[in-house]
Amino acid sequence: MRSEIKALMLIILSSIGLTAGILAILGLKNLIYPLLALAGADSINPCTFVIYTMLLIALSLKENISKRRIYAVGLAFVAAVYISYYLLGIGLVILTKTIPVWVAGVVSIAFGAYTFVTGYMEKSRIAKKKEVRKSIFSREATLFGAFSLGIIISFTLLPCSSGTYLAYAILISKVGRGLTLILLALYNVIFVLPLLIILFTVGSITESKSISQRIVQKSRELSMIAGTLLILLGIYVILGM
């Protein structure tokens, strides 16, 4: 089995197992399907992989960069994305506290249709792509540079995942503050999981870049699959009401 297929299988199995297991422990089995669909659709996000591929290419152009340095820079980038998205999620939960759950279904259907159509038409959903590329290639391969870049990129990726994250926030805002914080942490672990897997399951930055690029090449299909999942989830949430 080719290495990129192994990586993708590991991503899928880890996402499903982690989500289902923790939700079962928390007594929230009724949320397993909705959260799997939302987190799964968002974690295999073509937009994320486009940005990550740019970062890997930029790192590969640096002279005399060690594998340990690559891991450190990659982790700093992923940590910044995780923290930024987590804080954004807290804000969304606060804003959506009084919104009925059925609205999450409507948001999911609408964003699913948007994702499917933009994927089918092969239109990029990354805001200011040229500026992002310039920012990535102009920064030094330092921990601070990677961390600050991750924060900037988090807001750049909003057009790709804002609808999914909004629907998620509406769903979990009704389960209590403590559980909400745990569920946000779970969502964001799954969101960054593909980046971590690519970073640590391959032998070199060349292989990492190759896997990321191959996934990007399938962005049309991935977007259409994600859009379909979100539409089906939206219907499920509305009918479940």
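Two rings of Phe, Tyr or Trp count as a pair if their centres lie within 6.5 Å. With that in mind, and remembering that this is a predicted model, select Tyr85, Tyr165, Tyr168, Tyr187 and Phe191, which ring pairs link into a cluster. A search of the whole structure finds seven aromatic pairs.

Now keep Tyr85 and Phe191 selected: their ring centres are 4.6 Å apart and their planes stand at 20 degrees, so this pair is stacked, as planes under 30 degrees apart are. Tyr85 belongs to helix H4 (residues 67-95) and Phe191 to helix H9 (residues 177-200), so the pair ties together parts that lie 106 residues apart in sequence. Both Tyr85 and Phe191 are buried.

Select Phe111 and Tyr114 next, an aromatic pair that is tilted, with 5.7 Å from centre to centre and 40 degrees between the planes. Because Phe111 and Tyr114 are three residues apart in helix H5 (residues 102-120), about one helical turn separates them. Phe111 counts as buried at 10% relative accessibility, whereas Tyr114, at 37%, counts as partly exposed.

Finally, select Gly227, which is found in helix H11 (residues 219-240). Is Gly227 buried or exposed? Its relative accessible area is 0%, so Gly227 is buried, the cut-off being under 20%. If you leave aside its neighbours within four places in sequence, Gly227 is in contact with Gly112, Thr115 and Phe116.

How values were computed
Residues are numbered from 1 along each chain as its sequence is written. This is a predicted model: local features need pLDDT of at least 70, side-chain atom pairs count only at pLDDT 80 or more; totals for chains, interfaces and linings use all residues. Side-chain values use heavy atoms; hydrogens and water are left out. Helices (H or I, at least four residues) and strands (E, at least two) are DSSP runs, numbered from the N terminus. Buried means under 20% relative accessible area, exposed over 50%, partly exposed in between (1.4 Å probe, protein chains only). Contact means heavy atoms within 4.5 Å. Rings of Phe, Tyr and Trp (its six-membered ring) pair if their centres lie within 6.5 Å; planes under 30 degrees apart count as stacked, over 60 as edge-to-face and the rest as tilted.
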